[in-house]
Amino acid sequence: MAGDTGNTLKTRYVPIERISFIDMKEMYGLYEKYYQNVSLEVFVKDMSEKSGVFMVRRTLDQQVVGFSTLKTVPMNVRGRAATGVFSGDTILEKQYWGDRSLQTAFLRWMVREKMKRPTRMLVWLLISKGYKTYLLLANNFNRYYPHPDGHHQDLADYVDHYCERLYFGSYCSERKLLDFGENYSALKGAVAPISQEMRDGNVKIRFFEERNPTWERGTELPCVGVFDRGTAQAYLAKLWRKRPRRLRLALRPAAYE
């Protein structure tokens, strides 16, 4: 795919007031394709409450092939001010799973947000009804909750804070799960199933299902990750390692040859 310019993707952040009706229809088309129990009315209402959207387009024809909604949430937990960045629905056409355009755009946005207030804690807030969303957090953040090994329990307070604020009445603080009822949108069964092989081979996927055993019905696992310098550097290093070897050699400074 990397060598096929027709299949390359480009992601940019668009403030919610600049989202056009055509954009909204294209995004809803994707949403309807991958989720069940959906309606355009609910989709538009939810979208209107967000701060903006990361739009993923195919460079060949500018077709929307993915998106991720975003909302900034001021927080104060145990007397400490923080900025919460809430990610809502995130969808990418299946043929592009593995492409990092969206993740890279999100990283750039988070870096800029951190630079605005370097001393303020910046946290990523997300709710996950499928394991793929949880892995975005668990594979890219050093400090996150919930953690398979029980680390960073202090971040549980941040989960309680934003869930009780944004989803009052749907959050169970004992199970740390969001349950929006039987008619809530859920991933269609064939989109991201969890096989026994996946459970046995990946502790993070197994942990996600243990914490959210009713995910197929649409219950959401609320999560939080701390965005700091270490997280940004680790992700940049991961991107560098994934570049083709010839490109890494070409970009390496001569002093290191």
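Helices here (H or I, at least four residues) and strands (E, at least two) are DSSP runs, numbered from the N terminus. On that count, the chain in this predicted model has nine helices and 11 strands, and R78 is in the loop between β4 (64–77) and β5.

Two housekeeping notes before the details. Residues are numbered from 1 along each chain as its sequence is written, and side-chain values use heavy atoms, with hydrogens and water left out. Since this is a predicted model, local features need pLDDT of at least 70 and side-chain atom pairs count only at pLDDT 80 or more, while totals for chains, interfaces and linings use all residues.

**Confidence**

- pLDDT is the predictor's confidence in each residue, from 0 to 100; the chain averages 85, and 87% of the residues score at least 70.
- Where pLDDT is low, the predicted coordinates should not be read in detail.

**The chain as a whole**

- Take the contacts with a separation of 6 or more: 68% of them are between residues 24 or more positions apart.

**Helix pairs**

- For the geometry below, axes are lines fitted to C-alpha atoms, for helices over the stretch in contact, and angles run from 0 to 180 degrees between N-to-C directions.
- Helix α1 (residues 21–34) packs on helix α2 (residues 40–48) at about 120 degrees, with the axes 11 Å apart. That makes the two oblique, given that angles under 35 degrees count as roughly parallel, over 145 as roughly antiparallel, 65 to 115 as roughly perpendicular and the rest as oblique.
- The crossing of α1 and α2 is right-handed; a crossing is left-handed if the near helix is turned anticlockwise from the far one by less than a right angle, and right-handed if clockwise.
- On the α1 side the contact uses M24, M27, Y28 and Y31, and on the α2 side L40, F43, V44 and M47. By class that is eight nonpolar, no polar and no charged residues, where Ala, Val, Leu, Ile, Met, Phe, Trp, Tyr, Cys and Pro count as nonpolar, Asp, Glu, Lys and Arg as charged, and the others, Gly among them, as polar.
- Helix α4 (residues 131–138) and helix α7 (residues 203–211) pack at about 125 degrees, with their axes 10 Å apart, and are therefore oblique to each other.
- The α4–α7 crossing is right-handed. From α4, Y131, Y134, L135 and A138 meet K204, I205, F207 and F208 of α7, which works out by class as seven nonpolar, no polar and one charged.

**Strand residues**

- G52 is in strand β3 (residues 52–58) and is buried, with a relative accessible area of 0%.
- The C-alpha atoms of G52 and P15 are separated by 4.1 Å, though the two are 37 residues apart along the chain. Leaving out residues up to four places away in sequence, G52 touches Y13, V14, P15, I16, S68, T69 and L70.
- R58, also in β3, counts as buried at 17% relative accessibility. R58 and L9 are 49 residues apart along the chain, with their C-alpha atoms 4.6 Å apart.
- T83 belongs to strand β5 (residues 80–92) and is buried at 10% relative accessible area. Beyond neighbours within four places in sequence, T83 is in contact with V73, E113, R120, M121, L122 and V123.

- A cis peptide bond joins Y145 and P146, with omega about 0 degrees; P146 lies in the loop between β7 and α5 (156–166).
- R78 has phi near 55 degrees, a positive value in a residue other than glycine, and counts as exposed at 54% relative accessibility.
- K176 also has a positive phi, near 55 degrees. K176 is in the loop between β8 (171–172) and β9 (177–178), and is buried at 14% relative accessible area.

Note on methods. Contact = heavy atoms within 4.5 Å. Buried < 20%, exposed > 50% of the residue type's maximum accessible area, 1.4 Å probe, protein only.
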